[in-house]
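Dear colleague,

Please find below the structure that I am handing over to you, followed by an account of what was found in it.

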There are 2 protein chains.
Amino acid sequence: MAAINLAQKLATFSAHWQPRVVGQFNGHDLMVVKVKGEFVWHQHDDTDDFFLVLSGRMTIRMHEGDVTLGPGEVFVVPKGVPHCPVAEEEAHLLLIEPTGTPNTGDASTAAPRRVI
Amino acid sequence: MAAINLAQKLATFSAHWQPRVVGQFNGHDLMVVKVKGEFVWHQHDDTDDFFLVLSGRMTIRMHEGDVTLGPGEVFVVPKGVPHCPVAEEEAHLLLIEPTGTPNTGDASTAAPRRVI
């Protein structure tokens with residue numbers, strides 16, 4: 001049993017929009033991800049979507065309005081709400097989703113879930 | 001819908017070992033807490049226990065060994081594992097637990113769950 005150092009985990013890869021699983025909690029994956037540019041509009045019908053910005057800034061576009069997050073800021077996209085994450089510059093995030101949730105909301109287009 | 005700034009939430013109170021609910025995620029409370037000194041040995045039989053250190057340092061004592069966490073480090077105490085959080089100096093944490101989980105593992109001794 002050891003601490004999970006999020007910055008050390010993030011230093012092991014460089015790809016954008018490719019979450020890495022770093023731990024588990026109550027049936028959820030704890031994941032770190034590097035983001036830059038614009039992701040796809042998607043929604044998760046069965047789960048909320050937890051975002052914590054560790055470094056950089058990102059915006060979560062939603063039809064109801066955009067939310068911009070900086071370091072130490074959290075936003076939870078309620079389940080069923082369409083959203084599109086975007087980041088002008090690279091940002092690093094902690095994500096929490098039920099194990100197996102496709103990151104695009106669709107298993108056919110999702111990034112593989114990799115454990116580091 | 002707005003970002004949750006964890007440092008701003010932490011600036012609104014000073015008591016130790018008194019978690020404040022700042023958001024919700026899939027039936028869990030997202031909480032910030034200030035800790036200093038030694039908590040009580042306890043366990044949660046029905047849930048894992050998520051700790052992320054935002055500032056300062058803390059140690060989670062367990063019979064299997066201690067885990068010390070600094071800023072940006074996560075540890076998940078598996079359900080059923082006795083643990084005792086301690087911090088020599090004040091540390092600030094993000095905690096995630098199912099809504100209603102008593103922080104001492106026992107409703108009769110738990111801190112009230114306050115939303116800010």
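**How the two copies meet**

The copies meet through the same surface, because 100% of the interface residues of chain A are also interface residues in chain B. Contact here means that the C-beta atoms of two residues, placed from the backbone, lie within 7 Å.

Please note that this is a predicted model, in which local features need pLDDT of at least 70 and side-chain atom pairs count only at pLDDT 80 or more, while totals for chains, interfaces and linings use all residues. Residues are numbered from 1 along each chain as its sequence is written, and chains are lettered from A and ligands numbered from 1 in the order in which they are written.

Across the interface, 27 residues of chain A are in contact with 27 residues of chain B. On the side of chain A that touches chain B, the elements giving two or more residues are β1 (4-5), α1 (6-10), β2 (20-25), β4 (49-55), β6 (67-69) and β7 (73-77) of chain A. The most is given by β7(A), with four residues. By class, this side of chain A has 16 nonpolar, eight polar and three charged residues. In that count Ala, Val, Leu, Ile, Met, Phe, Trp, Tyr, Cys and Pro are nonpolar, Asp, Glu, Lys and Arg are charged, and the others, Gly among them, are polar.

The strand β7(A) also pairs with strand β1 (residues 4-5) of chain B, in the antiparallel sense and over two bridges. Two strands are said to pair if DSSP finds at least two bridges between them. In this pairing V74(A) stands opposite I4(B) in β1(B).

In chain A, strand β3 (residues 28-38) and strand β8 (residues 83-98) pair in the antiparallel sense over 10 bridges, and V33(A) stands opposite L93(A) in β8(A). The strand β4(A) is likewise antiparallel to β8(A), over five bridges, with S55(A) opposite H92(A). Strand β5 (residues 58-62) of chain A is joined to β8(A) by four bridges and runs antiparallel to it; here R61(A) stands opposite C84(A).

In chain B, 10 bridges join strand β3 (residues 28-38) to strand β8 (residues 83-98), and the two run antiparallel. Within that pairing G37(B) stands opposite A87(B). Strand β4 (residues 49-55) of chain B pairs with β8(B) in the antiparallel sense over five bridges, and the bridge partner of F50(B) is I96(B). Strand β5 (residues 58-62) of chain B pairs with β8(B) in the antiparallel sense over four bridges, and M62(B) has H83(B) as its bridge partner.

**The nonpolar core**

The largest nonpolar core has 52 residues, and those with the most contacts inside it are F51(A), L93(A), F51(B) and L93(B). Such a core is a set of buried Ala, Val, Leu, Ile, Met, Phe, Trp, Tyr and Cys residues joined through C-beta atoms within 7 Å. A residue is buried if 20 or more other C-beta atoms lie within 10 Å of its own, exposed if 12 or fewer, and partly exposed in between, with C-beta atoms placed from the backbone. Leaving aside residues up to four places away in sequence, F51(A) touches I60(A), L69(A), V74(A), F75(A), L93(A) and L95(A).

**Two loop positions**

P71(A) is found in the loop between β6 and β7 of chain A. P71(A) counts as partly exposed, because it has 15 C-beta neighbours inside 10 Å. Its C-alpha atom and that of L54(A), 17 residues apart along the chain, are separated by 5.0 Å. Not counting residues up to four places away in sequence, P71(A) touches V53(A), L54(A) and S55(A).

W17(A) lies in the loop between α1 and β2 of chain A. W17(A) has a positive phi of about 60° although it is not a glycine. Most residues other than glycine have a negative phi. With 17 other C-beta atoms within 10 Å, W17(A) is partly exposed. In chain B, W17(B) is found in the loop between α1 (6-10) and β2 (20-25), and its phi is near 60°, a positive value.

With kind regards
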